[in-house]
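Hi,

Here is the structure I promised to pass on. Have a look, and my notes follow below.

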Amino acid sequence: MVNAVQVRGAPIHVPSTATIARSQLTEFMGFCARATGRAFAGDQDFARFTVDEYERFWHLFLQWSDLVVGGDLNPVCTDASDVERAVFFPELTLSYFDNLLDEQRAPTDAVAVVACHASGEVERVTRGALRQRALAVAASFRSIGLGPGDRVVAVARNNAEAVVAALAAAAVGATFSSASPEMGPITILSRFEQLEPKLFLANFANADGSASPELAANVADIARGLPTVRAIVALDRGPLPKGAWPYHRLTDLELQTPERHADRGFGFNHPLWVLFSSGTTGRPKGIVHGAGGTLLEHVKEHRLHTDIRRGELLFYQTSLAWMMWNWQLSALASGAGIVCYDGAVTGPDTLWNIVASERVTVFGTSPAYLQLCEELRYPPARSLDLSALRAVLSTGSILHDQQYDWVREQVGDVPLQSISGGTDIVGCFVLGNPNIAVERGTIQCRSLGLDVRALPVTATVDGGSVGELVCCNAFPSRPLGFIADPDGTRFHDAYFAGNPGLWTHGDLTEIDELGRVRMHGRSDGVLNVNGVRIGPAEIYRVLSDIAEVREALAVQQDLGGASRVVLFVVLCTDGTLDRALVARIRHELARRASPLHVPNVIVEVDELPRTHSGKHSERAARDAVNGVAAVNAAALVNPHSLGALCAALDQAEEAIADADADPSSTECRMRVIWEGVLGVAPIGLDENFFDLGGTSLGALRLLSAIHDRLDVDLPLSAMLHSATPRILAALVERSGNVDLDLVVPMRAGAGTSARPLFVVHGLLGDVFQFRWLVARVDTPRPIYGVRARGLDPNFAPHTSVEAMAEEYVRQIKRVQPVGPYAIAGYSFGGLVAFEIARQLVATGERVDRLILFDAYVHERALGPTRRTAFLARRVSRRMVDGVRAPREFASRIVRRTARRVAPRLPIAPPPTEDVPLPPRIRTVEHANMQAFDAYVPGQYSGRATFVRANGRDRQRCDPLPIWSRAVARGLTIECVAGNHFEMLEEPFVAEVAERLAIHLATATEPTD
């Protein structure tokens, strides 16, 4: 059960004062304060310093961190104003190897690597042993002919041998690049053939040491595609294969005598790693990372942001195909040990067992694993000793809000720190902070020293808070460039062409005023719905709360000038994509996100396309559904899934076609109208208009479309009880004959003794606009709506408020013969409600509650002096603002609501003209406008409450002086959020409903 207070923005974990005081970040802030002679007001002030004076920050951090370097620390950065060309510490030399295993970092007998195998076997390697093994292999590498600048490639499992090999390559100054055996020869070759490697390291055997002919054959296939390879090193202990290359066994190379005095210092920007992009947007890019920038960024992230210390143990669930392996390896430079797991996740307990048994201090995983644990209701803290664990990290995809709750409830009071960056910078742009609270759904802060911002995009659902993640200043871990890109053109196009002078990362993000971050997915997977950009993560967050949905992928499909959103879902074993689940998915997306987020088609599949780093590939899925060959299907673990997506979509299309087999039927024609208005397809005949994201304006547009296409004129209130295509089609077949009694029940009461509330129609004559208020208000009273007479074509509408009230009093008394009465009205309906109360009291009845919701009055009621002053002010405002007054009050209601709501509807572009009204509603509207213009409130002997929207309509006169004068026994004024046109709509209606419930509960006193 999620704690009720754990909403977005609520603290999930708050560090103690002692934790903050002893954190390395606090220590470093003190060091900077002493060095600069300035006091920092807090974490935000310090973060601003690291960005505003980033060169000084990096200089100070290099001093504080005690990294072993040679040469001159100055200049810190050349071409500092040019993010693309800046070079950090050009006069500095260092050894990545020595900085990881320097004897000053931790005792030589401290554990450096804990290698856990799927069999249960555990190998522990001390720092001293690791150093000796790596130096011995480095000496062997030199004897093979490997030297500075040469390239080493590895197809390896996540074990101690891979760590030894990578460190040995770094010791000789070679550049290391790795992949995992699961990737397959074609995928691996698309990467490694770009490098022209000299040495090839590989696993030939299975994890348990048994021979694997398949692996051996794959290695041979890869080697044949790498003509520059001089030797192949087996990372296993089994027999060596025979072939055209010299083969060596790593264990034999470890027997070489280490070269203790070899020169291991290289330039700060000497190439250390080549990491590859996923390849789903083209040929995988070989991204070259420098030793100094990588080391400096990793040590900063480990020590300042994660507070990793000497003697601690970091375990990140990763493989050698993912940058998190490189990131974890650098933790040795902080004196920590690392845990490598060589095996599959066979259940929710797989990784938690390692965390407990090895006394892991910081555990890193993915949202997918946390979701698996949550789905299977696995409670690790109940059965395992997790007392050594002090932090959980998560990256790889969006971390959903409820996963913060799961960690808190089932793991313990430890910070869950979401981190996000990428292979491109082999680090993080946003991540954790040991000194500030973890808040549900947000990443704690931006990376120190990096000027990370959300560059506004052209249009977003929420008006622009989501933007493109950019970095506006130079930073040390910016890659050196791409392989096979001599003039830097590809590098420029990848990161700088879109926003010149800024690093553009390709993510959508949201950053608040406190620096907290919320990620919204990759920008290349963004959905563009009528010009409005939607991050797929916004859809996935909502779906994460639907238990039946395990995974989801939303893509845009182009259909000859139009487009639609297709949502692919993988369901849990007991889930079924029936009409009920489809309707619930759409309803939740419309309610919690917006109608724009509602997919046009929802399709069930067995699996989603996934890269070797475990990420879903929206780009590959989008290409597939649009009939485009995936740019690099080999980049996927499961390229066959693309064909399965298309087949499932075709099957869904056939089902839609079958449902529309009789296009001439009223039900089919009604379905087409609904799909056009709501922009959602397919729509089931029994799906509810409001569950699909329908709004008041949408209902008006729907009835107008029904009038135009089916020649039937329906009142708005028909939508109250006929909110599905099937029921509405049946109503149309009856020529629109509906019950048009003036007083209609809107909600039953609790029991028979509760007195009702009567709510009076607005300018359009119907009570449809009270639907959300009626649903929200907490009261045992039954609620009735009072509708205008003219909605029935057999009767002409009233043209005066007094005549309406007289008729409505008679109808109200048929429901409630004697008082006391409770009457409410919104806008124009407030005038009618007031007149009803006057007439009831005049006949000796009691009215114990009269509520006017933002009821404006024509300026003629002000009196000559105030009216003249108001008109003068209005003319002045129009001259200043260039505002032309609408001809009619009702037209302005429709226009303003259209401008506010229509852009959210995923169908045609927002209307530029008034939404056309069906003839019957238009007739009532005209009559009510006449009544509004003529009405001047008389004296009322009772009390009343005026509920006022904070957003006033400045083109109408302030009604409060009029109502204060008219209400003899006192007018209570209350203010609520929103403006006049929003107050009865979500989300503002909740506050109005709360106020109404309070007044109805206390309505006991007589009015006369």
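How many salt bridges does a search of the whole structure find? The search gives 37, counting a side-chain nitrogen of Lys or Arg within 4 Å of a carboxyl oxygen of Asp or Glu. Before the rest: this is a predicted model, where local features need pLDDT of at least 70 and side-chain atom pairs count only at pLDDT 80 or more, while totals for chains, interfaces and linings use all residues. Residues are numbered from 1 along each chain as its sequence is written, and side-chain values use heavy atoms, with hydrogens and water left out.

One of the salt bridges joins Glu123 and Arg133, with the closest N and O atoms 3.5 Å apart. Glu123 sits in strand β7 (residues 122-126) and Arg133 in helix α6 (residues 127-144), so the pair ties together parts ten residues apart in sequence. Helices (H or I, at least four residues) and strands (E, at least two) are DSSP runs, numbered from the N terminus.

Then the helix pair: in α2 (residues 24-36), Gln24, Glu27, Phe28, Phe31, Cys32, Ala35 and Thr36 meet Arg56, Phe57, Leu60, Phe61, Gln63 and Trp64 in α4, where contact means heavy atoms within 4.5 Å. By class, that contact has eight nonpolar, three polar and two charged residues (Ala, Val, Leu, Ile, Met, Phe, Trp, Tyr, Cys and Pro count as nonpolar, Asp, Glu, Lys and Arg as charged, and the others, Gly among them, as polar).

Cheers
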